[in-house]
Amino acid sequence: MISGGWVCALHVRTAGLGGAALGSDEEEIVYLAYVVIDVLTNQVIGEREYAVRPTRRPSEELQTGQPLDIVVQQFDEFVRSLQVDPHSPLFRLVTDGQPPLRQCLHPEACSKELTLPTYYARFHDLRKEYVRAYTLRAVTRAQPAPPPPEHPASIVDMVNYLGITPYTGENFYAAEVKDMASIIQRIIADGFRLELPETIDLVLETGICSKDDDIDGNCIVRARGLPWQSSDQDIAKFFRGLNVAKGGVALCLSPQGRRNGEALVRFVSQEHRDMALKRHKHHIGPRYIEVYRASGEDFLSVAGGATCEAAAFLSRGAQVIVRMRGLPYDATPQQVLEFFSIGDDPVQVLDGAEGVLFVRRADGRATGDAFVLFAKEDDSPKALSRHRKLIGARYIELFRSTTAEVQQVLNRSLETRTSQASTPSTASAPAEGLLPVALVPQHVITSGTAKDCVRLRGLPYEAQVEHILTFLDEFAKNIVMQGVHMVYNSQGHPSGEAFIQMDSEASAFLCAQQKHHRYMTFGKKQRYIEVFQCSGDDMNLVLTGGVTPATSPKVLSPGPVTYYYPAMGPTLPPPLVYWGYPTPPVSPAHYYHPPHHPQTMIPEVVSVGGGSPLPIPPPAACPEWPIFMVN
């Protein structure tokens, strides 16, 4: 509430759209106008206009004026010259609606890494103050005047209702800010005070969300296309100017537990959500971000926690959460504490060992992941500077994390895995009349003793076919059609291995000789890859669970795999449907074959080595039999 002090009408223009769409096109600010009013005397004590020069996309027509940071500094000095302290709580900005500050000034300052004075984070919305004041007067007067429109569409609507003569001077650009000043003065003259202060949150607060919470579905958006390394702070900066609820950024994870470039964001009100939707296809660096409506159920499914362990861990009041990945399975809290406290620029973990939470599967086995708490925001760069440093012989990856990510990872680690969930989840549903084969006999891919294949070992788990082709470089042209085979383990996770069929033994020999122990670059990672020459038989031995060869030694084969159909007797495996490389938009996780008979589509038994028919075991029961994908 302001009953004294000073108010300052602020008008903002950009090089693009105006009105309700102001700021929705990411265009830079080109004009700022201020009118300072002494509330006690109801007199204008100072006016300033500034042409602002764009810096991202300068044009000849907009080369006048100063950069935004210089203009902000000049106005601050001007206000002080009026013997007014702009940082006093009695000094407030007044804008025509929400966009000038929330959609223009704060987002642009954030993208240019400018720090605005604190008084730009508190303001009054002139439209809301006008509606509150004159609706109240219309209700309390003995002979009420017609109430004002509930949502004035422009300054003109307010000027016409109040009977104020619009500004008609020569300075066209200053007309709007002068009319704003006239409306403010009328509100003060009519005995009303500015009583609806607005604030802009500059810091994202952490918070814990439970699956039992009641979430307003009108306050949620989904952001898509985020850089994979984005943190909750980065996403909050993208929405700078809008108030995100406590713990309101939930990073979405892939089935493999890695960030997938999406996030759900919860705002404090529907008004802020609606402004967030206007940032659809705005940018983080060179990437444009898609913004869509989402539901409260969507947010709870990602951010909602169901474990007391997570709630207790997150309630310690940490400002920074770091996720560790690649830990030894027998790592201890003391090793984690020493990892951060020893060496250059040490940093202390909040509450010692209590600030370390290891992620474990439902059966208690370690996953190699952990979350670590730090007390202050200043601890974040110190902690993350240890990215890729060693614990024992293993390098450790570090990422800035969130409360929602902790909840999501712990929820998933406790879920019981079914055989269906243990296969890669990116496949589309089979076409009508096609059924997935439970276990594919790998010997149908290739066979023989000719060493015309290479085996790659040590691949990053995120590696796709296109990364392998880039790594093989000039040898990629020697790969046969449909000759790239990605190997997955029984849980459906990448095993870090692949088999490549080459067009000749000579090509395979040269590829293994020149690419063995060379580095594959994946983002900022560099992994050295082992490359061995092998035969089709060697490849099948590994895929069907034989002894794993290092350089293709002679190993005992478990024998061919034959499908058995009760109505038809033993038969050869049905034909597979392959994709040629590079990987299609949706990679197959199952293989489909045309049905032979309505009652004999699914193989019920399998004969191993020509012996008696045995039931086909589910993938989880045969951890030595990898699932694989063909490209």
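A: A residue counts as buried if its relative accessible area is under 20%, as exposed if over 50%, and as partly exposed in between (1.4 Å probe, protein chains only). On that basis, 49% of the 631 residues of the chain are buried. The model is predicted, so that local features need pLDDT of at least 70 and side-chain atom pairs pLDDT 80 or more, whereas totals for chains, interfaces and linings use all residues. Residues are numbered from 1 along each chain as its sequence is written, and side-chain values use heavy atoms, without hydrogens and water.

The chain holds 15 helices and 29 strands, which are DSSP runs numbered from the N terminus (helices H or I, at least four residues; strands E, at least two).

The crossing is left-handed, meaning that the near helix is turned anticlockwise from the far one by less than a right angle. Helix 4 contributes I155, M158, V159 and L162 to the contact, and helix 5 contributes E176, D179, M180, I183 and R186. Of these residues, six are nonpolar, none polar and three charged. Here Ala, Val, Leu, Ile, Met, Phe, Trp, Tyr, Cys and Pro count as nonpolar, Asp, Glu, Lys and Arg as charged, and the others, Gly among them, as polar.

Elsewhere in the chain, two glutamates are buried. E405, in helix 12 (residues 403-414), has a relative accessible area of 1%. Leaving aside residues up to four places away in sequence, E405 touches L251, L253, R259, R323, F371 and R400. E462 lies in the loop between strand 19 (453-457) and helix 13 (465-472) and has a relative accessible area of 18%. With the same exclusion of residues up to four places away, E462 touches R258, R325, H467, F522 and K525.

With a disulfide taken as a pair of cysteine sulfur atoms within 2.5 Å, the count is zero. For C534, the nearest cysteine sulfur belongs to C453, 5.2 Å away. C534 is buried, at 4% relative accessible area.

Notes. Contact = heavy atoms within 4.5 Å.
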